[in-house]
Number of protein chains: 2
Amino acid sequence: MQFHHHGYVSKNPRVQAPAGVGLDRPLQLPEHMDVLIVGTGPAGMIAAAQLAQFPQAHTRIIEKREGRLQVGQADGIQARSVETFQAFGFADEISNEAYHITEMAFWKPNPEAPEDIVRTARPADDPHGISEFPHLIVNQARVLDYFGESMANSPSRMAPDFGWEFVDLNVHETGEHPVEVTLRRTASAGGDATSDATGEAAGATAEPGEQRTVWAKYVLGADGARSGVRAAIGRTLEGDKANHAWGVMDVLAVTDFPDIRRKCAIQSRSGGSILLIPREGGHLFRMYVDLGVVQPGEGAQVRQTSIEAIIGHANRIMHPYTVDVKHVAWHSVYEVGHRVTDRFDDVPAELTAQQTPRVFIAGDACHTHSAKAGQGMNVSMQDGFNLGWKLGQVLTGRSPAALLSTYSDERQVIAQNLIDFDKKWSTLMAQRPEEMEDPSALEDFYVKTIEFPAGFMTEYTPSMITGKATHQALATGYPVGKRFKSALVSRVCDGNPLQLGHLATADGRWRIYAFADAPAAGAPSALTDWAHWLHTDPGSPVLRHTPAAQDEDTLFDIKVIYQQPHEKFDVTDAPRAFLPTVGPFGLTARDRIFGTHPEQDIFGERGISREGCVVVVRPDQYVAHVLPLTETAALSDFFAEIFLEAI
Amino acid sequence: MQFHHHGYVSKNPRVQAPAGVGLDRPLQLPEHMDVLIVGTGPAGMIAAAQLAQFPQAHTRIIEKREGRLQVGQADGIQARSVETFQAFGFADEISNEAYHITEMAFWKPNPEAPEDIVRTARPADDPHGISEFPHLIVNQARVLDYFGESMANSPSRMAPDFGWEFVDLNVHETGEHPVEVTLRRTASAGGDATSDATGEAAGATAEPGEQRTVWAKYVLGADGARSGVRAAIGRTLEGDKANHAWGVMDVLAVTDFPDIRRKCAIQSRSGGSILLIPREGGHLFRMYVDLGVVQPGEGAQVRQTSIEAIIGHANRIMHPYTVDVKHVAWHSVYEVGHRVTDRFDDVPAELTAQQTPRVFIAGDACHTHSAKAGQGMNVSMQDGFNLGWKLGQVLTGRSPAALLSTYSDERQVIAQNLIDFDKKWSTLMAQRPEEMEDPSALEDFYVKTIEFPAGFMTEYTPSMITGKATHQALATGYPVGKRFKSALVSRVCDGNPLQLGHLATADGRWRIYAFADAPAAGAPSALTDWAHWLHTDPGSPVLRHTPAAQDEDTLFDIKVIYQQPHEKFDVTDAPRAFLPTVGPFGLTARDRIFGTHPEQDIFGERGISREGCVVVVRPDQYVAHVLPLTETAALSDFFAEIFLEAI
Ligand SMILES: Cc1cc2nc3c(=O)[nH]c(=O)nc-3n(C[C@H](O)[C@H](O)[C@H](O)COP(=O)(O)OP(=O)(O)OC[C@H]3O[C@@H](n4cnc5c(N)ncnc54)[C@H](O)[C@@H]3O)c2cc1C
Ligand SMILES: Cc1cc2nc3c(=O)[nH]c(=O)nc-3n(C[C@H](O)[C@H](O)[C@H](O)COP(=O)(O)OP(=O)(O)OC[C@H]3O[C@@H](n4cnc5c(N)ncnc54)[C@H](O)[C@@H]3O)c2cc1C
């Protein structure tokens, strides 16, 4: 965290100084706004939290409920999501209250007494250390609370407007706020908004049932599987004809089952199966009891499965163990199928790249996943993270509107891939190795499989924001299009061992990591030349795109990693490009210069060439480009597509 | 964290359910209370935060300031203090906003150009890994904020009463609330109390200057070096005649000094010296500029040293480097000497053990330390932690009042030792090894020295709450009287690798760790017998002292650590004593049973005998006793001194 540099901060430094709309944010939902987000689920909240870092844009997020989510919905948090929480500043806090999945147990019918279940395996959850972050279980409501806190502490001082329902929208061809949106008031007071007073005040203008028209530059429909925004732009979810149904319950119980605090897949002789998920707090657990496939139009009966029936079902599957439920915190029949829309915005396929999208959809509104793989909430957050910074850059005048087309291009493909993969995965996981056709397919599949449950499969293809992997050999551990994987480094100014990736907060900035060639800091080298170019050349992205009145590091967070250990040189040896002047007192930031960690050399660990290289990372943590230190023109050109020239 | 077991907790689980006084806590300072704490410094706040976990007692904490501390005072947080913060639930949060000391640099006159300073050494701060916690720098104000949050979230819903000054007190011989205290109102409204509204409301009854009398069972004077409570009980600080003075400043500056983000001891040729402490946030730093010894009555001139003079002084010492100060957040002339009072309560020396203390003093009120060793705030917190649970146990009727005598007995000796040690340390540290008389003395000293700056030197001697070290050989890594050092274990119920010590929260409970002998869980063994005794025998402390209406684990948090890895057995194999029934639904806690960690066997790591043993740990984390599994009578007797029989 960087603070005090605008003057002493006595209280919680996580509360950022208000700016832009945050200086005088209207408590009531205004008539005009830059962005209107519909829905406070994971997709909407992360987009709002990201946009809250762009206080020059006015973003509102509405929700038809009266207040925050209380209970239920999803609870599985992949390592990629925890990595994302880290960027929003709450990974440690949420981890401290969550259940950590360390291993998983499989229970099958006992071959000797098939009416009983028996434990057959207990593999580790992440045996390969694919991430330094844990795999967590915590209620969706708490995830949303933390995003709410992040928004409230942001320069925008954002808070959801509870009690407003999206009814319809109309995109006009002209006007500064071309999206006309009809809303309906659902509550007379705002309930328990995360950021208290605000939600309530927003209700003061309308009575329940009353309709209102508001105007936005952009609308994001993050309104779940039955999305009204999706309907309004004429898109439909396509895919499975039938749903799969689960009886879900969050309960407190007394049981003799030894693995009640371990994630379990339980199969009984009768074919009944349970997915058991221990929950936060040491006592609560969730059970998904499989209720089978539900054909279209035939769900009514399944939907009426009572909690008693679910408990009874569970007890039959768990035999010889019993589960004596003492308290039901939540239960539901959750029906879902694999489905996806063909585009995630309102631009007709034939007009892509010509027309600026005005309406977007994200999360369950445009793709739904099996509950079994636990992807829903996690993928939805990555949608919102992807779109948030793009809207922020366009609305603050930094980038051309063309940037917005990349959202649907990128995320639709990812959703489709994940769904295809999930189907294959579910089938293959049920198969024995000897049944498979191509033996090497298994190996390939295995490698991909490791990334799937942890949320690291996403790989963006070349576009205006993702370079070609021409120079991938310079940094084999940072595949272009995949998320930037952290590694240890030592900070020169204070000798602190740090995770390089964890310093990249969700502040909407791009990261440029300069990995040095062999010479020492300050000595003549490709790195020194590159740094000189970056700081002084008119072609440097910093000079071209950073507005003159703003701090040098407003758009780009630039860091250098030398091949030497930190104690071999001083920060004052490094080129000026890595010692930016910041804040009203003209102070020098000294925290951007690193040496290698004594126990984990990042160059070796991430396959970085000893010739050095430049790794460009997007605000949502995906590697955008890998370039040689000498290819300054390519770097300049890359950013010239994304950013407008500064005025 | 254990939650949901009294019903679903939808919001922040750190906010505990209100109980006792917390159900209807008077906003105004009442006329009668159980404990009155004077002063919201580190000593007072930690005592209050600990007492907040005893909601059956009514504790108030007053402060003469209008609101929270804003800036200044201490900032060095020893590892032992971070360990303590962990118990209060905020170690991660405060670490995330703090500066971490990884190494320290020494600057001396350059032998070749003595008017210039040059770096001569850069040792690691904790090369021996004495603690798994870091050494932090963060402003005292933030430490107090976190304790305030802990109090506010406690079952007692405690908040400081700002704007009340202690004037005098009088201890009566009889009455339920024998301490009569005179207070003066210093503020008309409560300022910005950590827990907002409360402080303000407390002011409503009195105008500034108005006096009030209140009555308490016990009073704690945590009112700093000029303590009025100390004066009221007739104690005086004794020790150094003269003070040492430092010009202290927290500033933002532009400098060419390469180590401005590293802790430095800087000595110039002229003899001038600086202690440089980088501060949280990446830019701010503190400098202590040595102003020398001030004889009694001669401080007036030094006290007038201006900030310009301090900055000028600093620049002369730093030559050839310059420090161009752009902003001064705080500055002061801090004068202090090594002093301590002879007792920390109001009982005359000749009446110890006969008379119950009614008034206590803690922190700077009873001992002051050199700024150089950075002990002040840290030692003060350990005072408050030590007293808090003792008052809690006595006031809730669990323990005899005699327990309260141990406070002064324990803490006065520790303070005296620390001060003696600090003097020796400062002298010896300035000496070269070859100048020392006894070469082995250096070695001994070195070992102790390692513990000193990290805060781990404290070792309590035998008393009613510290057993004799007769069986120390059974657990050589847990010296009786020293704090319980954590180690890794694997939790059986979920396979989570955990720091055993970090599970001990500051909830006022005693810990009993049963280290098993070799047989498997459930097999006949000394451990199995011990557990059976603990759960069923009338002599078991659990049965003798736990009130019948309360949960089995109300007083004692009992854990078992087996010698086998966690996957070798199930929680259901362990004896009933380790599977307590908790909460209104009669659920079974399954989180008290551990196996060894695959990479760090706690038995080897902490010198635990393969015969097993029982390690008893106090609520403030100090090892109280080590006993063989077979010595049940000794365990019973030990607790019979501390706890009353349950009714
Ligand atoms: C009842 C339910 C149970 C679920 N159970 C599970 C489960 O057991 N396991 C699992 O993995 N996943 C479950 N899910 C799915 C998981 O929660 C989603 O994948 C995830 O929340 C997707 O996030 P999202 O932000 O896209 O949508 P959502 O979380 O669905 O959020 C959409 C939000 O938009 C609001 N909204 C909808 N329409 C409007 C409107 N017209 N105007 C204003 N606001 C509107 C909704 O109230 C909601 O807050 C469940 C979802 C639901 C709805
Ligand atoms: C001005 C100042 C500067 C310091 N600077 C440094 C430093 O640079 N480095 C360092 O290591 N240590 C410094 N210290 C010392 C360090 O802060 C203390 O060692 C530490 O705070 C001790 O904690 P405490 O709780 O015992 O007392 P304190 O933190 O002093 O807290 C005492 C509290 O009691 C209140 N109080 C006092 N009298 C009354 C009364 N009659 N009625 C009601 N409330 C009362 C005070 O306002 C204060 O809030 C400084 C202390 C002070 C006062």
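This is a predicted model: local features need pLDDT of at least 70, side-chain atom pairs count only at pLDDT 80 or more; totals for chains, interfaces and linings use all residues.
Two bridges join β3(B) to strand β7 (residues 136-137) of chain B, and the two strands run antiparallel. If you want to find the spot on screen, look for Gly76(B), whose bridge partner in β7(B) is Ile137(B). This pair belongs to an open sheet of three strands in chain B, ordered β3-β7-β4, with antiparallel pairing. Which strands stand at the edges? They are β3 (76-77) and β4 (99-100) of chain B, each with a single partner strand, so one side of each has no neighbour in the sheet.

Now over to chain A, and to strand β16(A). Strand β13 (residues 243-255) of chain A pairs with β16(A) in the antiparallel sense, over nine bridges. Within that pairing, Gly247(A) has Val289(A) of β16(A) as its bridge partner. Strand β15 (residues 273-278) of chain A also pairs with β16(A), again in the antiparallel sense, this time over five bridges. There, Leu275(A) stands opposite Tyr288(A) in β16(A). β15(A) and β16(A) form a hairpin with six residues between the strands, and Gly281(A) takes a positive phi near 95° in that hairpin.

Keep Tyr288(A) in mind, please, as we move to ligand 1. There are 28 residues around ligand 1, and Tyr288(A) is among those that come nearest, along with Glu63(A), Gln140(A), Phe166(A) and Asp364(A). Let's go through some polar contacts. A backbone N or O atom of Phe166(A) is 2.8 Å from a nitrogen atom of the ligand. Asp364(A) brings a polar backbone atom to 2.8 Å from an oxygen atom of ligand 1. From the side chain of Arg286(A), a polar atom lies 3.2 Å from a ligand oxygen atom. How much of ligand 1 does the protein cover? On its own the ligand has 950 Å² of accessible area, and the protein covers 85% of that.

Where does the shell come from? Domain 1 and domain 2 of chain A each supply at least three residues to the shell. By class, we have twelve nonpolar, nine polar and seven charged residues.

Chain B has its own site, around ligand 2. Here 29 residues surround the ligand, and the closest are Glu63(B), Gln140(B), Phe166(B), Tyr288(B) and Asp364(B). The side chain of Tyr288(B) has an N or O atom 2.5 Å from a nitrogen atom of ligand 2. An N or O atom in the side chain of Arg65(B) is 3.1 Å from an oxygen atom of the ligand. Pro42(B) uses a backbone N or O atom, lying 3.1 Å from a ligand oxygen atom. Taken alone, ligand 2 exposes 960 Å², of which the protein buries 85%. The shell divides into 13 nonpolar, nine polar and seven charged residues, and at least three come from each of domain 1 and domain 2 of chain B.

Last stop: the unreviewed UniProt entry annotates residues 458-645 of chain A as "domain: Phenol hydroxylase-like C-terminal dimerisation". Over that stretch the chain is 16% helix and 22% strand, with the end C-alpha atoms 31 Å apart. Thanks, and I'm happy to take questions!

Methods. Residues are numbered from 1 along each chain as its sequence is written. Chains are lettered from A and ligands numbered from 1 in the order in which they are written. Side-chain values use heavy atoms; hydrogens and water are left out. A residue is near a molecule or strand if one of its heavy atoms lies within 4 Å of it. A polar contact is a pair of N or O atoms within 3.5 Å; within protein, one must be able to donate a hydrogen and the other to accept it, and residues adjacent in sequence count only if both atoms are side-chain atoms. Accessible areas come from the Shrake-Rupley method with a 1.4 Å probe; for residues, only the protein chains shown count as cover. Ala, Val, Leu, Ile, Met, Phe, Trp, Tyr, Cys and Pro count as nonpolar, Asp, Glu, Lys and Arg as charged, and the others, Gly among them, as polar. Domain bounds come from an automatic or database domain assignment. Two strands pair if DSSP finds at least two bridges between them. Helices (H or I, at least four residues) and strands (E, at least two) are DSSP runs, numbered from the N terminus. UniProt positions are given in the numbering used here, feature names are shortened, and annotations may be inferred rather than shown by experiment.
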